[in-house]
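Here is a friendly tour of one model, told through its helices, its core and its sheet. Have the viewer open as you read.

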Amino acid sequence: MLPVVEIDELLQQWALNNSPIIDFTVNNVLIAIGLDRSFYYETFNYLISKSPYYLTPYKILFCPNNHKGETFPLNEYIDQEEFFTCHNCGEEYQADPDRTFVAFRFNEDYRQQLKKKIGQVA
Ligand SMILES: [Zn+2]
């Protein structure tokens, strides 16, 4: 069974942490907890179940040089003919399923509630 208690604790740690991780992927969670990729879909579904209260899932495109690019709501259709310009390297690229990833972002209200509960001043 998926270690949901551990995942919840990890998410709380990340949400309380002001700096690095406010956006993360399923792989970030798998690595942090030490789960192998056989847990990918279960973990994905669990994180989706936290939406919209804790998390907002979104799609992110990467340019051919692996820079983070455009983001879209999870259910939004991405026109594969459309060109995007990388803000980092200036390369023009199109959406490619191999360079499209799902990421999750903490909702600010959730982070604030959590900080209040833990006693950190918001
Ligand atoms: Zn780029």
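## Two crossing helices

Helix 1 (residues 4-16) and helix 4 (residues 108-118) have axes that come within 9 Å and cross at roughly 95°. Axes here are lines fitted to C-alpha atoms, for helices over the stretch in contact, with angles from 0 to 180 degrees between N-to-C directions. Helices (H or I, at least four residues) and strands (E, at least two) are DSSP runs numbered from the N terminus. Angles of 65 to 115 degrees count as roughly perpendicular, and helix 1 and helix 4 are therefore roughly perpendicular to each other.

From helix 1, Gln-12, Ala-15 and Leu-16 meet Tyr-110, Arg-111, Leu-114, Lys-115 and Ile-118 of helix 4; contact means C-beta atoms, placed from the backbone, within 7 Å.

This is a predicted model: local features need pLDDT of at least 70, side-chain atom pairs count only at pLDDT 80 or more, and totals for chains, interfaces and linings use all residues. Residues are numbered from 1 along each chain as its sequence is written.

## The nonpolar core

The largest nonpolar core has 10 residues: Ile-7, Leu-11, Ala-15, Val-26, Val-29, Leu-47, Tyr-54, Leu-55, Phe-104 and Phe-106. Such a core joins buried Ala, Val, Leu, Ile, Met, Phe, Trp, Tyr and Cys residues through C-beta atoms within 7 Å, buried meaning 20 or more other C-beta atoms within 10 Å of a residue's own. Helix 1 gives the largest share, three residues.

## The sheet

Four strands form an open antiparallel sheet in the order 1-6-2-3, where pairing takes at least two DSSP bridges. Seven bridges join strand 2 (residues 55-62) to strand 6; Tyr-58 has Ala-103 in strand 6 as its bridge partner.

Note on methods:
Angles under 35 degrees count as roughly parallel, over 145 as roughly antiparallel, 65 to 115 as roughly perpendicular and the rest as oblique. Two residues are in contact if their C-beta atoms, placed from the backbone, lie within 7 Å. A residue is buried if 20 or more other C-beta atoms lie within 10 Å of its own, exposed if 12 or fewer, and partly exposed in between; C-beta atoms are placed from the backbone.
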